[in-house]
Amino acid sequence: AGGGSVGQQVGYKIIGIDPGAGLMKATEKAVGEYELKDWELVEGSSAAMTAALSEAIKNKKPIIVTGWTPHWMFSKFDLKYLEDPKGVYGKEEQIHTIVRKGLKEAHPSAYAFLDNFTWTPSDMEKVMLAISEGKNPEEAAAEWVNNNQELVNKWVQGIKPGNGETITLAYVAWDSEIASTHVVKKVLEEKLNYKVELNQVEAGPMWAGVANGDVDGMVAAWLPTTHADYYEKLGKDVEDLGPNLNGTRIGLVVPSYMDITSIEDLKK
Ligand code: PBE
């Protein structure tokens, strides 16, 4: 389809996201290790990447994007990960909840809930999908919380509500983290009587904000691989509350109609 090599078909471009994402660092490494010499990793944002993907699929054009799971793109479109025989993108990992040191003493109820918070890729995808279909994140989170009272009540069971104190959460505008962070905000406000301020920042400042105590926490740490750099630098200055979600994946993603299966095919 389209004629020529895959590289020629897509102009030797991989459509990336924000430069702070671990996925971008991994992709730079992949470009090196697979010797994709003529290729360019295009920086942008999650929103720009999904817009380019939607547009390409609408026109049945070839495209290569940096992608991850959980993500609504896999329920909306017929997509596949390119095989990664060199294992550059790592194995399955977890999304962790990370809080500032001292949060437990300062806001024990918020801390207890954040420690309990855990859900599944399919939960997260429901919120993501609603947002991708036009709901604003607050609405989508409220609707999910409303529909999942049993699980939500387990998270807050036995926890004494706060007294209207403010909790600050940092997140990056990745579709997955927009979803999770808004759900956590909603639960803290509706069930535990906190006020929640959200700081949307880049990945570096998100980690640094929790490490220096400017923000109380985040639910967006992809470990052990994707955020390995950040964790190595700042892990000792934060408290890791462990995984809130299991079953992630990152890599290069293409529409299923493209006639390639492996990152190695990009060299041809
Ligand atoms: N992501 C989504 C992020 C983590 C969440 C895979 C784009 C990254 O740092 O790459």
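# Exercises on a predicted model

A140 is found in helix α8, residues 137-147. Helices here are DSSP runs of H or I with at least four residues, strands are runs of E with at least two, and both are numbered from the N terminus. Residue numbers start from 1 along each chain as its sequence is written. The model is predicted, so local features need pLDDT of at least 70 and side-chain atom pairs count only at pLDDT 80 or more, while totals for chains, interfaces and linings use all residues.

## Exercise 1

Decide whether A140 is buried or exposed.

**Solution.** Start with the cut-offs. Using C-beta atoms placed from the backbone, a residue is buried if 20 or more others lie within 10 Å of its own, exposed if 12 or fewer do, and partly exposed in between. A140 has 24 other C-beta atoms within 10 Å, so A140 is buried. Now widen the view: buried residues make up 42% of the 268 residues in the protein. Last, take a distance. A140 and Y12 are 128 residues apart in sequence, and their C-alpha atoms are 37 Å apart in space.

## Exercise 2

Find where the ligand lies relative to domain 1 and domain 2.

**Solution.** First list the shell. I17, A21, G22, L23, W68, W174, S176, E177, A203, W222, T226 and I250 surround the ligand. A residue counts as near if its C-beta atom, placed from the backbone, lies within 6 Å.

Next, look at the helices. At least two shell residues come from α2 (22-33), and at least two from α10 (175-190).

Then sort by class. Eight shell residues are nonpolar, three polar and one charged. Nonpolar means Ala, Val, Leu, Ile, Met, Phe, Trp, Tyr, Cys and Pro; charged means Asp, Glu, Lys and Arg; the others, Gly among them, are polar.

Finally, assign domains, with bounds from an automatic or database domain assignment. Domain 1 (6-91 + 249-267) and domain 2 (94-246) both contribute to the shell, so the ligand lies between them.

## Exercise 3

**Solution.** Count the elements: twelve helices and ten strands. Along its principal axes, the C-alpha trace spans about 65 × 35 × 25 Å.
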